[in-house]
Amino acid sequence: KIIDVIEAAKWGEMHLQIPRERIGSFGFSHGGYAVMRQLTFPGIVNDHKEDFKWGFGIAGAGISNIVRYHNTRNIPGWVRRMCGEDPNRNPEKWNSRSPDQLASSVHGPILLQHGENDMRVPVEESRSMARALAAQGKTYEYIEYAGEGHGMKLYQNKIRYYRSQFDFISNHVLK
């Protein structure tokens with residue numbers, strides 16, 4: 001699935017003549033993980049080579065560490081289904097697919113957004129990614145939303161959520 005999105009981005013670059021630095025990825029929850037995974041994709045997984053340097057990413061409430069998420073959440077069965085196995089059986093493999101372990105490979109800026117009271121994907125997932133990006137000197141913005149869970153419910157936070165995305169694109173992509 002990550003490979004499919006990378007292929008779509010490459011198609012847009014080639015056939016629509018969209019400059020690579022203007023091609024980004026956006027997602028929330030599992031999609032937030034997908035954004036971080038795409039921006040940290042190591043180039044080869046399961047003998048499948050893929051190369052695309054994303055222009056930017058916008059990740060909302062994404063999982064940044066598969067093993068930690070599996071071990072601390074109330075839905076480990078979902079993680080096992082997504083992984084095809086219990087991540088604790090092969091933590092090296094799943095850490096190698098965890099974005100917070102691969103922050104050095106991020107190309108392009110990334111916006112991380114998360115509700116501080118998220119019970120589905122703990123805010124620690126975005127905080128961990130923000131720390132990893134900071135340690136690598138990467139360009140990122142991190143916004144945490146007070147009083148929010150897994151999604152924006154409060155009117156003022158919805159406005160801030162979408163406005164920050166437009167501002168991020170204006171400041172980092174359309175410059």
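This is a predicted model: local features need pLDDT of at least 70, side-chain atom pairs count only at pLDDT 80 or more; totals for chains, interfaces and linings use all residues.
Helix α2 spans residues 30-39 and is mostly covered, with eight of its ten residues buried. The buried residues of α2 are Gly32, Tyr33, Ala34, Val35, Met36, Arg37, Gln38 and Leu39.

Across the whole structure, a search finds ten salt bridges.

| Salt bridge | Distance |
|---|---|
| Glutamate 7 and lysine 10 | 4.0 Å |
| Lysine 53 and aspartate 51 | 2.8 Å |
| Arginine 163 and aspartate 167 | 3.6 Å |

Glutamate 7 and lysine 10 both belong to helix α1 (residues 2-15), where they lie three residues apart, about one turn of the helix. Glutamate 7 has a relative accessible area of 37% and is partly exposed. Lysine 10 is also partly exposed, at 26% relative accessibility.

In the pair formed by lysine 53 and aspartate 51, lysine 53 is partly exposed at 37% relative accessibility. Aspartate 51 has a relative accessible area of 44% and is likewise partly exposed.

Arginine 163 and aspartate 167 sit in helix α7 (residues 155-172), four residues apart, so about one helical turn separates them. In an α-helix there are 3.6 residues a turn, so residues three or four places apart point the same way. Arginine 163 is partly exposed, with a relative accessible area of 48%, and aspartate 167 is partly exposed at 33%.

Key
Residues are numbered from 1 along each chain as its sequence is written. Side-chain values use heavy atoms; hydrogens and water are left out. Buried means under 20% relative accessible area, exposed over 50%, partly exposed in between (1.4 Å probe, protein chains only). Helices (H or I, at least four residues) and strands (E, at least two) are DSSP runs, numbered from the N terminus. A salt bridge is a side-chain nitrogen of Lys or Arg within 4 Å of a carboxyl oxygen of Asp or Glu.
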